[in-house]
Amino acid sequence: MEDPFKYAHEREDEIIWMSQNTNELETTPIIQREIMNAVKSKKYALYPHQKGLLGMRKTLLKDLGLEEDFGAIITNGAIEASYFLTRAILEPGDNVIASDPSFMPIHHQVRLCDAEMKEIYVYKDPYHMTVDEVNEAVDDSTKAILLIDPLNPLGSSYTRSEVKGISEIAEDNDLWVIDDITYRDFAYEHTLTTEFVPERTFLIYSFSKNCGFAGMRLGAVVIPDHMFEEISRWRSNPLSANILAQVGAKVALETKDQWLPKMIEQSRKNQEIIKEAVDKTDGIHLPVFPSNTNMFVIDIQETGLNPDEIQEVLLKEHNIFVRGGTYVSTKAGSNFVRVSFTVPEPQVRKFAEIFPEVIEQMR
Ligand SMILES: Cc1ncc(COP(=O)(O)O)c(C=O)c1O
């Protein structure tokens, strides 16, 4: 099919966006109010402070419980953070251990450094890397472990003892840990690797999913103090990030207890609605449930259907945009479609009604 994103953006308002793990659920009107105030006072006319909106870094570090020994660089999305971080720590010939399926754009960034990805196949129980698999993958050229926790696209996450085990491997082999915590706020439980290897950890942080800020493009990298100057040298944008996004993000974090629990409750209700529909349909299932993110994958192997064709029928005939698995996995992509569910409940209900019908029809 022609570029599905072009197709979907041309019909942006009619589309149900379940394709990119964006979040359209309610947070708090306070965020919009602060952003509108910043627009009215034309805050966008000036460059933000080079180190980010004043107070922003502190607020973020406080949210993570890391007020001491760490600094943060505020970036245009998490993706900018991982871009210059990989540039800063990798050299040609190095390798980085990560899973497949995964959030592949970071793997691409690693390859841009002429480094190699060592991908551990995780489309099998327990649907994430095990400590033993990570240990076995380490070799003399390994420089870092990319731990995406919770994991896009599967929704799996690592227990505290697994995070500890992976951190110990980093310690024993002198490796960095790139701990991508983009979906942390959706998890039932979550442990940062900073708890075990604070001096080896870089946290990749995004405001796209928890705050619903994907279009605002705001993220961060949290860096141990001893590496702050070195990593800062590599930043791709020394002029800071979108000021309106920063204004919104700061107040979002400051008021998190007022909106996050309700938003998560809706997200979990939405995944239940989809699960019910999947359970009623022959030949499809959810490998990971409940998901610790705002998405999961629906396994379609038994149907013999092609996920890209399912994506196309849903998009063209029903205005529902999901992603075929090839986007997030080189090896397992034909087995599943990825569906995110932080869209309004009526849209989730529509998906739950249509998806089983589409599967039956295509079969
Ligand atoms: C694991 C992971 N890391 C990073 C990103 C990029 O986030 P951002 O929108 O902040 O650039 C995504 C986006 O889907 C993601 O899934």
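Residues are numbered from 1 along each chain as its sequence is written. Because the model is predicted, local features need pLDDT of at least 70 and side-chain atom pairs count only at pLDDT 80 or more, while totals for chains, interfaces and linings use all residues.

The protein splits into domain 1 (4-27 + 257-362) and domain 2 (29-254), with bounds from an automatic or database domain assignment. Taken over C-alpha atoms, the domain centres sit 25 Å apart. Where they touch, domain 1 puts in 26 residues and domain 2 puts in 27 residues; contact here means C-beta atoms, placed from the backbone, within 7 Å. On the domain 1 side, α10 (256-279) and β9 (295-299) each give two or more residues. Helices (H or I, at least four residues) and strands (E, at least two) are DSSP runs, numbered from the N terminus.

Turning to the helix pair, α2 (residues 29-40) and α9 (residues 243-254) have axes that come within 9 Å and cross at roughly 145°. Axes are lines fitted to C-alpha atoms, for helices over the stretch in contact, with angles from 0 to 180 degrees between N-to-C directions. Ile30, Ile31, Glu34, Ile35, Ala38 and Val39 of α2 meet Ile243, Leu244, Val247, Gly248, Val251 and Ala252 of α9.

Methods
Two residues are in contact if their C-beta atoms, placed from the backbone, lie within 7 Å.
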